[in-house]
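Take a moment with the chain below before reading on. We will go through it one part at a time.

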Amino acid sequence: MNLPPEICAKICEELGQKDRVTLCRTSRLFRDQAQRLIYRTVDLRRCTARALRSWCLAVTRHSELAERVYALSLGLPYDLASSSDVGKVARALSRCLNIKELSIHPENSGPFGASWESGGSAIQGWLVTKCPFRLTKFSHSYFKNTFLSEFWTPQSDIRVLAIPTCSQKFPCYDDQLPDLIALEVGDVRSLPIGRALQRIQLRWSRDTAQQLPGLSDLGRYSATLTTLNIVQNRMSQQMSTLQIFDRVVHGLPGLLHFGITEFTGPKEYINIADRFSEPSPLTALAKFTGLETFVIYTKTITGFEDFTLDHVYELDDHLSIQEFGLAIMEACPTLRRADVGARIFPTSSSGTWYESYHTRRELTCTATRTSIGGAVAFNYGTHFDFNAVAKFWDT
C-alpha cells in the first residue's frame, strides 16, 4: 500500500504520542511522518534514566532527528554530574540546533518546576551555555542562576522566561533578553524595573503574607501588563484571596487576564485541618475594568462566604463550582471565560474526611460567553491544568 506523505502526516497528527511510537516501529510507510511529530515536541520530565539515555543516543547519532526537535522538556537528577549520563545529555543538547522552547527542571518536580526550597542548586550551567540553539521560551528550576551568566547574552530571542526559584535580583543585565515580554520569578522584588513586561507569573513558595505588600509595586507595569498569575505553595488564612485581589486591582485595574492557583508536588498530602473557607473575592473582582479571563484553582479552600448575600459558595461538586463560576461572570461583566477548580475530599466509611495521593479528586468548571451580557455556557473537567488555561505561556 502506498499513500501520499500528506495523508500519512494527517493520520499521524490524529494519533497520540504512544501510538506514533508504535507506528514508527512497525511501518516504514509512516515512519518519517511519525518521527517528525515524535521529535518535534519531546517531554522527558518523568521518564526513566534508560529512556533519557535512549533519546540522547538517538539525536546524537541521527542529525535529522535532532534537527526536528522544537520543544524539549527535561527532568534531570541533581546527581547527573556524577554519572556518565551528563556527557550524553550535553552532546544531545548540542545537536539540537532548532530548539525554540526548552524546559529543564529537577526530576519529579511537578507542572510548575521545583520551589526555591528544593530547586535551583545544579551548577552544570555549561550544559546549555554553549549550545547553538536560539530559544524563544526558557523555563528552569534546575540550575543556580549564577552559573548561567554566559547563557543569557546569545539568547536574545527569548520572549518567555520562567525562573521560579529566583527570589533575589533578576539575573540578567538591562541589555540582555531585549525581547522579553513574559517573566516568572519567585518574588515581586526579583522583577526587573524598566522592562515593558506584558505577562508576569509569581511563584510564591515562602510565607505568602510577606508577599502581599509587594503586589502594590506591580502598578509600575500597568502601561504594558495584560496578564498576571499567582502560584502559591499553599493558600493561607493569613492572606485571603480577597486581600490579594484588592491589591492587584488597585495597581492594575485594566488587567486582561488574571489567574491564581496553588502549587503542590506530585505526591504532596494535604491535612484536612489546613482547609478553610474565606470571604468571597467577588466585590474586588468587579472592580476590574476590562478583565477577559480569570482562573482560580484551589486545593485548600472549601468555599467562599458572601456576607452581603448571607450565602456561602461551597466547592464540593460540579454544580456548586458552577454556581461560583456563574457568580464570577455576573460580578465581572467583561469576562469572556472563567475557570474554577477545587480539590474534593472523599469520605471514608467511618464518615470522616481524609486526603491522600490516591484518593484526591480535582473538579473544574469552565464558564464562557461570546459577548458582554450574553448567555453563559459551562463545561466540566476532572483535572487541574493551570498552565493550559492561564495565559502566561500563550504564543
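Leaving aside neighbours within four places in sequence, which residues is Cys-332 in contact with? They are Leu-285, Phe-288, Leu-291 and Arg-369. Contact here means heavy atoms within 4.5 Å.

Some ground rules come next. This is a predicted model, where local features need pLDDT of at least 70, side-chain atom pairs count only at pLDDT 80 or more, and totals for chains, interfaces and linings use all residues. Residues are numbered from 1 along each chain as its sequence is written, and side-chain values use heavy atoms, with hydrogens and water left out.

Now back to Cys-332. Its place is in the loop between helix H10 and strand E14 (337-344). Helices (H or I, at least four residues) and strands (E, at least two) are DSSP runs, numbered from the N terminus. Cys-332 is buried, and its relative accessible area is 0%. Buried means under 20% relative accessible area, exposed means over 50%, and partly exposed lies in between (1.4 Å probe, protein chains only). Look also for Leu-282. It sits 50 residues from Cys-332 along the chain, yet the two C-alpha atoms are separated by 8.2 Å.

Step back to the whole chain. It holds eleven helices and 16 strands. Of its 395 residues, 52% are buried. Take the contacts with a separation of 6 or more: 64% of them come from residues 24 or more positions apart.

Next, find helix H4, residues 49-61. H4 has 13 residues. From first C-alpha to last, H4 reaches 18 Å, close to the 18 Å expected at 1.5 Å a residue. That expected span is 1.5 Å times one less than the number of residues. Which residues of H4 are buried? They are Leu-52, Trp-55, Cys-56, Ala-58 and Val-59. Seen down the axis of H4, these buried residues fall within an arc of 160°, so they line one face of the helix. The arc is that of the directions from the helix axis to the C-beta atoms. On the other side of H4, Arg-50 and Arg-61 are exposed.

What covers the buried residues of H4? The cover includes strand E1 (41-44), helix H5 (63-66), strand E2 (71-76) and helix H6 (85-95).

Follow H6 next. Its buried residues are Asp-85, Val-86, Val-89, Ala-90, Ala-92 and Leu-93. They cover an arc of only 165° around the axis, which puts them on the same side of H6. They pack against H4, E2 and helix H7 (126-129).

How do H4 and H6 meet? Their axes come within 8 Å and cross at roughly 40°. Axes are lines fitted to C-alpha atoms, for helices over the stretch in contact, and angles run from 0 to 180 degrees between N-to-C directions. H4 and H6 are therefore oblique to each other. Angles under 35 degrees count as roughly parallel, over 145 as roughly antiparallel, 65 to 115 as roughly perpendicular, and the rest as oblique. H4 passes H6 in a left-handed crossing. A crossing is left-handed if the near helix is turned anticlockwise from the far one by less than a right angle, and right-handed if clockwise. From H4, the residues that meet H6 are Leu-52, Arg-53, Trp-55, Cys-56, Val-59 and Thr-60. Their partners in H6 are Asp-85, Lys-88, Val-89, Arg-91, Ala-92 and Arg-95.

Move on to strand E11, residues 293-298, where Ile-296 lies. Ile-296 is buried, with a relative accessible area of 1%. Not counting residues up to four places away in sequence, Ile-296 touches several others, including Phe-304, Phe-324 and Val-340. Ala-342 is 46 residues from Ile-296 along the chain, and their C-alpha atoms are separated by 8.5 Å.

Leu-177 has a positive phi of about 50°, although it is not a glycine. Asp-310 is not a glycine either, and has a positive phi of about 55°. Are they buried or exposed? Leu-177 is buried, at 1% relative accessible area. Asp-310 is exposed, at 73%. Leu-177 is in the loop between strand E5 (160-162) and strand E6 (182-185). Asp-310 is in the loop between strand E12 (301-306) and strand E13 (311-314).
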